[in-house]
Amino acid sequence: MSPDPRPLDPYDGILLLSFGGPEKPEDVLPFLRTVTAGKNIPDERLEEVGEHYYGFGGRSPINDQNRALIAALRAELDRREIDTPVIWGNRNFTPFVDEALREAHEQGLTRLVTVMTSAYSCYSSCRQYREDLAAATEAVAASGIDIAVDKIRTYANHPGFSRTNSRLVTEAVREVLRGGTDAADVRLLFVTHSIPTAMDETSGPGDEVGHAYSRQHAALGAVITDEVNATLDTDLSGELVFCSRSGPPSQPWLEPDVNDRLEELAAEGATTVVVAPIGFVSDHMEVVYDLDTEAAATADELGLRLVRVPTVGVDPEFVSGLVDLVEERAAVARGEQPAQPSWPGTTPLRSTCAPGCCPNLRTAKPALCGQD
Ligand SMILES: CC1=C(CCC(=O)O)c2cc3nc(cc4[nH]c(cc5[nH]c(cc1n2)c(C)c5CCC(=O)O)c(CCC(=O)O)c4C)C(CCC(=O)O)=C3C
Ligand SMILES: [Fe+2]
């Protein structure tokens, strides 16, 4: 049997859409200006974040991690005899999304399915990427390029992401216990990026409940904790904490901060804290600075042992899950009803967002991949 000529029909290309990061010291300031354009980030915070990057030679790990993810996706697609090209675009650093669309056009592609390097619902982690797609599509339309863009469903509860995280956390706790630590002295922290509480309240499909961002993380943390306890016969409690807060001090952001919580846990007599960055898909700056540098130093001062769980990165189970999601999205676009595995819960998150989902609280901007 020869390979299907259009295996992802109606899509002829895959777009990996990410945040982007600087690659050398001279890139840091222009990158930060792009990230914060029109946002209310205090100068002190910007200088501080700039220092985090300079401390790593002015180079964020995120672009190399995306190159590795593209290579891993390519290998998995090839294994499935899918020769659809993968194009890469970022919000804040070259290759920007409009450059990616021009590249796609040069390769003769006309309809893309997008994979974002972000698993959860909120303005920063979902709608803003959809706005990037709308802006880029419009920018290239001015030069006569017509490209349609969809996205895979939000994958916070797709097993490729959630089960991989669960396995990584279970393995980390298993190692801690194997080393002889008493389970009663171990705590489990699930970490994600803090966001303004107003952004959390309005996250989700425009329903009255809101808080989709914190609820999705809490739900995943809860099932992972159950799985760890069931697998290792422990009774650990897990909880959600936050890192990387910015914005003016007067503006409320999601709490507690991971460092504050470490202090409280040390005071309670914990000796070992397993820190699982379920909010991030790879070890970019938030992970290597905010957790591996800053939170690790806090733990050190407190005499706590901090064990950091790996992010899903290019774990084969995660990469294979992303390709499953791409195939699933193509089947949906063809009008089929593919299986949509979900965990926790049984309800898949959406690939076409509801009207008013995760609104931009500053100015309404056009966004793709939604009903509005
Ligand atoms: C939810 C979320 C994710 C996860 C989802 C996703 O991955 O998209 C994420 C990822 C990332 N955030 C990143 C970097 C930055 N984020 C900033 C600012 C902000 N992030 C926010 C939220 C998020 N951010 C918010 C609400 C702000 C305030 C300004 C605003 O309302 O937009 C700033 C400005 C300085 C500061 O405020 O810290 C920087 C430099 C990098 C690159 C890291 C690298 O280079 O390795 C990555 C992957
Ligand atoms: Fe951020």
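**Notes on a predicted model: helix packing, a sheet and a ligand shell**

1. Start with helix 3 (residues 62-79) and helix 11 (residues 316-333): their axes come within 9 Å and cross at roughly 65°. Keep in mind that you are looking at a predicted model. The crossing of helix 3 with helix 11 is right-handed.

2. Who touches whom there? On the helix 3 side you'll find A72, L73, E76 and L77, and they meet V319, S320, L322 and V323 of helix 11. By residue type, this contact splits into 6 nonpolar, 1 polar and 1 charged.

3. Next, have a look at the open sheet, which has 4 strands in the order 6-5-7-8, paired in parallel. Strand 6 (238-243) and strand 8 (305-308) are its edges, each pairing on one side only. On average, neighbouring strands of this sheet are turned by 30° against each other, direction ignored.

4. One to pick out: V275 has R308 in strand 8 as its bridge partner.

5. Two helices to check against these strands. Helix 8 (residues 212-232) lies across strand 5 (186-193) and strand 6, at about 140° to strand 6. Helix 10 lies across strands 5, 6, 7 and 8, and runs at about 165° to strand 8.

6. Finally, ligand 1 has 25 residues around it, with G21, S60, S246, H284 and M285 coming nearest. Helices 1 (25-36), 2 (43-54), 5 (123-141) and 10 (285-302) each give two or more residues to this shell, and helix 1 supplies the largest share, 3 residues. The shell divides into 10 nonpolar, 12 polar and 3 charged residues. Domain 1 (13-155 + 314-333) and domain 2 (159-308) each contribute at least three residues to it.

Conventions. Residues are numbered from 1 along each chain as its sequence is written. Chains are lettered from A and ligands numbered from 1 in the order in which they are written. This is a predicted model: local features need pLDDT of at least 70, side-chain atom pairs count only at pLDDT 80 or more; totals for chains, interfaces and linings use all residues. A residue is near a molecule or strand if its C-beta atom, placed from the backbone, lies within 6 Å of it. Ala, Val, Leu, Ile, Met, Phe, Trp, Tyr, Cys and Pro count as nonpolar, Asp, Glu, Lys and Arg as charged, and the others, Gly among them, as polar. Domain bounds come from an automatic or database domain assignment. Axes are lines fitted to C-alpha atoms, for helices over the stretch in contact, and angles run from 0 to 180 degrees between N-to-C directions. A crossing is left-handed if the near helix is turned anticlockwise from the far one by less than a right angle, and right-handed if clockwise. Two residues are in contact if their C-beta atoms, placed from the backbone, lie within 7 Å. Two strands pair if DSSP finds at least two bridges between them.
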